[in-house]
Amino acid sequence: MASLSTLLLAEDTGSVLATSAIAGEGTQPSSAENARSKPGKLENGIEMAVVQQPIRSRVCGFSVTDRRPVLPPPVIKVNGFFAGENVGALIMMVSLWSPEGVKNVSYSARCNPPFEYKLKTMKTDTGLREYSVAPTNSYTKSLIMMGQLTSVGHSLLDLDGMEGLYFVFPEVAIRSAGQYRMRFDLYKMPSPMEASCGILASVFSNVFQAYPPREFPGIVEPTPLSRKFVKQGVDMRLKD
């Protein structure tokens, strides 16, 4: 399995991002914004689409019992893999971004750095550097996005009975009120003979709102897609 340092440093590799500019909860993008937000097929043949968008959440605390997941749970569909391919090596990671999709805000800037980077090797011919990365004592305190931040693929049937490869994030919580986007990055875990893993594809969610407790308008009713996936064994809490 790839190290934490490999996955983190993969953020620096190039990727094609699908974005949309949406202001406010539940606002639908214009036709022009829709055209920009639809992820096209990449050169590697992979397509990603957020088929269930996050809408809102209530801010949470540090305690596990105070996790208030973003609702509805984000669901990402991935196309471009064929029968017999090792999709079990695929992993998806989520991070928190500004509404414009230009700044990673998964960690608070008011805390000390969450990670410590140490240079391990540098290839003189290419200039590439390899770092070891370790969490600092400030890691937990600096987190704005908490919970289950990685997902593996599930082969599931959609509402039309069509099979597809889906990644679900049912336990993602936000600690600070505001408007955000989520960014989902798809990786393929390297084999022992491979040195690293880069981002295969990425996609942004629509803008969603994290509310303070007194302003939270209430939970979102479970969607038909969420109910369909739960019946197929996906671990997802449904609250009516």
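Begin by selecting Phe-184 and its surroundings. Not counting residues up to four places away in sequence, Phe-184 is in contact (heavy atoms within 4.5 Å) with Met-48, Val-50, Pro-74, Ile-76, Met-92, Met-93, Val-94, Phe-169, Ala-201, Ser-202, Val-203 and Ser-205. The model is a predicted one, in which local features need pLDDT of at least 70 and side-chain atom pairs count only at pLDDT 80 or more, while totals for chains, interfaces and linings use all residues. Residues are numbered from 1 along each chain as its sequence is written, and side-chain values use heavy atoms, with hydrogens and water left out.

The largest core has 27 residues, and Met-48, Val-78, Met-92, Ile-174 and Phe-184 touch the most other members. Among the elements that give two or more residues to this core are strands S1 (47–52), S3 (75–79), S4 (90–97) and S12 (178–188). Helices (H or I, at least four residues) and strands (E, at least two) are DSSP runs, numbered from the N terminus.

Now select Asp-185, which lies in strand S12. Which residue forms a salt bridge with Asp-185? The partner is Arg-183, with the closest N and O atoms 2.7 Å apart; a salt bridge is a side-chain nitrogen of Lys or Arg within 4 Å of a carboxyl oxygen of Asp or Glu. Both residues are buried, Asp-185 having 1% relative accessibility. The side chain of Asp-185 also makes a polar contact with the side chain of Ser-202, at 2.5 Å. A polar contact is a pair of N or O atoms within 3.5 Å; within protein, one must be able to donate a hydrogen and the other to accept it, and residues adjacent in sequence count only if both atoms are side-chain atoms.

Display S12 together with S13. These strands pair in the antiparallel sense over five bridges, where pairing requires that DSSP finds at least two bridges between two strands. Tyr-187 has Ile-199 as its bridge partner in S13. Five of the six residues of S13 are buried, so S13 is largely enclosed by the rest of the structure.

Turn to the open sheet of four strands, ordered S1-S3-S10-S9 with antiparallel pairing. Its edge strands are S1 and S9, each pairing on one side only. Between S3 and S10 there are four bridges, and Val-78 has Leu-165 as its partner in S10. Four bridges also join S9 (residues 154–157) to S10 (residues 163–168), with Leu-157 partnered by Glu-163. In the hairpin of S9 and S10, which has five residues between the strands, select Gly-161 to see a positive phi near 80°.

Finally, select Arg-237 and Glu-171. They form a salt bridge whose closest N and O atoms are 3.1 Å apart. Arg-237 lies in the segment after helix H4 (224–231) and Glu-171 in the loop between S10 and S11, so the pair ties together parts that are 66 residues apart in sequence. Arg-237 is partly exposed at 46% relative accessible area, and Glu-171 is partly exposed at 24%.

Methods
A nonpolar core is a set of buried Ala, Val, Leu, Ile, Met, Phe, Trp, Tyr and Cys residues joined through side-chain atoms within 4.5 Å. Buried means under 20% relative accessible area, exposed over 50%, partly exposed in between (1.4 Å probe, protein chains only).
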